[in-house]
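Please look at the model below with its sequence at hand.

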Amino acid sequence: MHIKKAVFPVAGMGTRFLPATKASPKEMLPVVDKPLIQYAVKEAVEAGITQLIFVTNRTHGKRAIEDHFDANFELEAKLAKSGKLNLLEIVSDILPKGVSCAYIRQSDAFGLGHAVLCAKPLIQNEPFAVLLADDLIEHEHQGCLSQMMEVYNQDASSIVAVQPISSAETHLYGVVGFDGESEKLKKITHIVEKPPVEKAPSRLGVVGRYILTPAIFNCLENLELGDGEMQLTDAIQELLHHEKVLAFQFDGIRHDCGNKLGYLKATVSQALKHPELAEDFRVYLREVAAQF
C-alpha cells in the first residue's frame, strides 16, 4: 500500500528556546528564511505524502503553524499588485496542489507515543510516516523519508531511521539492538529508550523519522505511562513481538534542532546553500574565523 499520510507531532513547549518560544512554537523558528517545520513538510511531500497531520495542543501559539500552511489571500493579492512575483511564488508554493493538512489536538502532554496515538482517527488502518521537525536532515540526492519509502515499498515493514552515536550519547536516544542484514538495513531485535551506556544494545540511535504499520496503535493503546509519558520506543518494542521492524541507516546529515547548538549549525549549513546568501555568508564566516 502506498503511504499517503504523515504525522507531525508539534505539541511540545520548546522550553530549551525560551524566551523565543514563549509566544511562538519552536517549529516556527526560522532556519534562514523558512520555519523549521517547513523543512520536514517538504521532505514528506517529496516522498509522496499528500495528507499532513499535525498533532498540536490548544495553547502556545500553535495556530501559527496552521496559518503558515494556509493560504493568505490578502498577502498574495498585495504581492501580485506590487509586481513582487518572485515573493508571490514563494508564498504560494509552500504547499503544492493536491497536498492537504489536518490538525488534531493532544489534550495532555503524555509524550511522543501519545501524540502518535492521537492521530489514529485520521490514519485509520493505513501505514503512515512520522516526522519530528526537530530533526532537519540534509541530503545530496534523496531525502531521508524518500529513502525509507523505497525500503518500505520492497518490504512493507515498519522502519525506524537510525544513525551512529557515541557512547556518551546513548542516554539521549532510543537505541536499537539488531541482527545484521546489510550495512544500511538491519532487523531490530530490541529497542531501549535512553539507556545508560552499559545497557545500550548498540551504537545506533533512533532519529525522528519513522514508517509505521497501523499495528502500532494497538501497542500504544496497551502501554502504561512511564514517568508520565507514553514512549513510542516502548510501543515499537511491543510491536517487535508481532511483526518485523527494520532499522535504516540513511544517507544525509542530521541536525538536532531541538537544542540551540544544533539549531545554529543547521542555520549556518542552510545559509551556505542559499542561492542569494551563500557567497557573501561564506566570506563573512572566513572573516569571523580569522579573528579567533
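The buried residues of helix H9 pack against helix H5 (112–118), strand E8 (158–164), strand E10 (185–193), strand E11 (204–212), helix H8 (215–221) and strand E12 (245–249). Packing here rests on contact, meaning heavy atoms within 4.5 Å. Helices (H or I, at least four residues) and strands (E, at least two) are DSSP runs, numbered from the N terminus. The model is predicted, so local features need pLDDT of at least 70 and side-chain atom pairs count only at pLDDT 80 or more, while totals for chains, interfaces and linings use all residues. Residues are numbered from 1 along each chain as its sequence is written, and side-chain values use heavy atoms, with hydrogens and water left out.

Which residues of H9 are buried? In this helix, residues 232–239, they are Leu232, Thr233, Ala235, Ile236 and Leu239. They cover an arc of only 160° around the axis, which puts them on the same side of H9. The arc is taken from the directions that run from the helix axis to the C-beta atoms. Buried means under 20% relative accessible area, exposed means over 50%, and partly exposed is in between (1.4 Å probe, protein chains only).

The charged pairs come next. The whole structure holds 11 salt bridges, each defined as a side-chain nitrogen of Lys or Arg within 4 Å of a carboxyl oxygen of Asp or Glu. One of them joins Glu126 to Lys5, with the closest N and O atoms 3.2 Å apart. Glu126 lies in the loop between H6 and E6, and Lys5 in strand E1 (residues 5–9), so this pair ties together parts that are 121 residues apart in sequence. Glu126 is partly exposed at 22% relative accessibility, whereas Lys5 is buried at 6%.

A salt bridge also links Glu221 with Lys120, where the closest N and O atoms are 2.8 Å apart. Since Glu221 belongs to helix H8 and Lys120 to helix H6, the pair ties together parts that are 101 residues apart in sequence. Glu221 is partly exposed, with 41% relative accessibility, and Lys120 is partly exposed, with 29%.

Asp251 and Lys184 meet through their side chains in a salt bridge of 2.5 Å, N to O. Asp251 sits in the loop between E12 and strand E13 (253–256), and Lys184 in the loop between strand E9 (174–180) and E10, so the pair ties together parts that are 67 residues apart in sequence. Relative accessibility is 40% for Asp251, which counts as partly exposed. Lys184 is partly exposed as well, at 35%.

Two loop positions remain. Pro127 is in the loop between helix H6 (120–123) and strand E6 (128–131). Is Pro127 buried or exposed? Its relative accessible area is 6%, so Pro127 is buried. The C-alpha atoms of Pro127 and Ile3 are separated by 6.1 Å, although these residues are 124 residues apart along the chain.

Arg58 is found in the loop between strand E4 (51–56) and helix H2 (63–68). Arg58 counts as exposed, with a relative accessibility of 60%. Leaving aside residues up to four places away in sequence, Arg58 touches Arg105 and Ser107. Asn72 is 14 residues from Arg58 along the chain, and their C-alpha atoms are separated by 22 Å.
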